[in-house]
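This briefing looks at how two chains are arranged and at how one of them is divided. Please keep the structure in view while reading.

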There are 2 protein chains.
Amino acid sequence: MSAGLHRFFVPPGLLGGPRIALTGEQAHQISRVLRLKVGDRLVLLDGSGHEYRVRLSEVRSSAVAGDVDDVRVSRPEPRLHLTLYQALVLRDRFETVLQKGTEVGISRFVPVWCERSVVLRGDQIDAKRLERWRRIVTEAAEQCERGQVPEILPPVRFTEALMQAAAGPALLAWERERERSLQAGLRAVLVQRPTERDDRNTESIGLLVGPEGGFSSIEVAAARDAGVITVSLGPRILRTETAGPVLAALALYEAGDMVPFVHQLADSAAPERA
Amino acid sequence: MSAGLHRFFVPPGLLGGPRIALTGEQAHQISRVLRLKVGDRLVLLDGSGHEYRVRLSEVRSSAVAGDVDDVRVSRPEPRLHLTLYQALVLRDRFETVLQKGTEVGISRFVPVWCERSVVLRGDQIDAKRLERWRRIVTEAAEQCERGQVPEILPPVRFTEALMQAAAGPALLAWERERERSLQAGLRAVLVQRPTERDDRNTESIGLLVGPEGGFSSIEVAAARDAGVITVSLGPRILRTETAGPVLAALALYEAGDMVPFVHQLADSAAPERA
């Protein structure tokens with residue numbers, strides 16, 4: 001639902017001056033795949049909180065150059081910083097979670113080996129797989145116009161995930177929870193949130209979502225012992241790839257993050273004009 | 001996230017007595033695809049608000065029979081009845097909306113031809129396509145343990161969708177909305193909702209979601225003229241196939257529907273025992 005300019009995350013340090021130059025895969029993408037021409041505009045980001053609107057002055061398959069038209073403040077990252085501890089599930093489902101979770105506003109993904117994680121033979125999580133996952137969240141962040149790319153950590157076992165998650169407030173989505181609604185859980189962990197938008201008061205919540213067969217009862221008991229709050233996602237059973245993005249959307253909604261955004265020119269970051 | 005019994009919607013009228021018999025596609029599915037055996041259990045539903053737990057007494061590829069063990073009250077349908085007017089989008093995206101929207105709790109889908117709907121050559125919506133869509137929502141309802149299958153109406157043009165939607169309270173998700181948050185929109189339309197769960201007070205809301213390129217400004221103006229409330233889905237731009245399910249989840253959350261469910265035996269609908 002957008003008809004905006006194409007957006008690209010570029011390595012830190014490339015932006016800041018009045019001109020930019022891109023090479024490699026991004027030059028190929030711009031010149032050959034998107035077939036942009038001299039005079040066309042695009043947006044470059046480096047995760048610094050600003051975005052650079054650029055007019056192309058040179059387009060070749062190996063190198064693209066342009067002039068910075070203006071610098072704007074990026075859409076703010078959620079003040080509520082969500083880490084999704086997502087059980088490893090079938091490959092396309094896991095990639096759906098990364099894509100939809102990025103759109104919705106998750107800040108960090110931690111893949112988790114759970115007792116019931118379905119592991120396909122030879123389906124190991126190697127550096128190439130992590131690289132593929134990072135490309136998926138980068139493209140999703142470009143598409144949804146986020147100013148930063150969410151982080152993806154290497155996979156950990158459930159007990160390690162629990163140690164990380166239980167260091168702060170954390171909720172575990174459990175289809176057999178009979179008492180506590182998600183709203184009750186969220187309100188318990190968000191109770192001390194600041195009422196003013198203030199980046200110094202960023203809050204973090206961990207969200208734990210199980211594999212296709214659910215968390216085992218041993219895992220749920222261990223989570224509760226560690227202080228993680230089990231919550232129900234409501235009267236219908238969500239698929240594992242639906243649960244994480246929906247849970248994140250509801251958490252951000254409850255925290256007041258789902259509000260409209262209006263673009264502003266950056267005061268202090270305007271480039272020097274040639 | 002479930003490890004429950006297999007569930008099947010069957011035609012109305014088949015359930016009610018102490019024994020059941022299935023033929024055709026469902027007998028094939030149970031005997032050959034799922035390879036269930038005599039003595040295995042499954043759940044049958046007919047959308048009446050009860051579900052029948054059945055123990056198989058006979059399993060052949062052409063006919064399956066079983067005895068009703070108990071009858072339970074189905075998970076309740078949302079008191080807030082959501083109709084999603086979803087712009088026609090690329091085929092797999094539309095099917096994602098149907099599947100995820102059913103899980104989340106949408107009651108009715110209306111496919112809408114919008115100005116920017118991408119129509120593939122030959123990609124007409126015929127009876128076969130509608131049948132495929134109904135199979136997708138039926139399977140999703142079985143999987144998420146809903147007691148009813150959402151309705152899918154035949155596609156209509158945007159102006160017709162607007163007439164239907166504007167007959168009641170309706171929200172249109174608009175990525176260029178700068179003023180009204182989803183929460184403000186929901187609270188405006190839910191303001192008169194009853195505080196007690198009471199089926200006689202079912203409320204209906206229409207939700208309008210545009211195609212990949214968004215609604216046109218003419219469509220947005222027409223919707224506003226008709227009394228539809230435009231809302232922002234927050235600072236990040238959701239893909240068209242993410243917007244509907246997320247919007248529905250947030251509406252049900254705001255309406256208080258996302259609460260745990262506990263199974264009960266039906267008092268009045270217990271089958272006569274042989």
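In this predicted model, 100% of the interface residues of chain A are also interface residues in chain B, so the copies meet through the same surface.

**How the copies are related**
- Chain A is superposed on chain B by a rotation of 180° with 0.0 Å of shift along its axis, and the RMSD is 0.0 Å.
- This is the relation of a two-fold axis.

**Where the chains touch**
- In the contact between the two chains, 44 residues of chain A meet 44 residues of chain B.
- On the side of chain A that touches chain B, at least two residues come from each of α2 (91-104), α5 (182-189) and α7 (240-254) of chain A.
- The element that gives the most to this side of chain A is α7(A), which supplies seven residues.
- Sorted by class, the residues on the side of chain A that touches chain B are 20 nonpolar, 12 polar and 12 charged.

**How chain A is divided**
- Chain A consists of domain 1 (7-73) and domain 2 (80-254), and the centres of these two domains of chain A, taken over C-alpha atoms, are separated by 33 Å.
- Seven residues from domain 1 of chain A and seven residues from domain 2 of chain A take part in the contact between them.
- Strand β1 (residues 7-9) of chain A, with three residues, gives the most to the side of domain 1 that touches domain 2.
- That side of domain 1 of chain A has three nonpolar, two polar and two charged residues.

How values were computed
Residues are numbered from 1 along each chain as its sequence is written. Chains are lettered from A and ligands numbered from 1 in the order in which they are written. This is a predicted model: local features need pLDDT of at least 70, side-chain atom pairs count only at pLDDT 80 or more; totals for chains, interfaces and linings use all residues. Copies are superposed by least squares on the C-alpha atoms of residues with pLDDT of at least 70 in both. Helices (H or I, at least four residues) and strands (E, at least two) are DSSP runs, numbered from the N terminus. Ala, Val, Leu, Ile, Met, Phe, Trp, Tyr, Cys and Pro count as nonpolar, Asp, Glu, Lys and Arg as charged, and the others, Gly among them, as polar. Domain bounds come from an automatic or database domain assignment.
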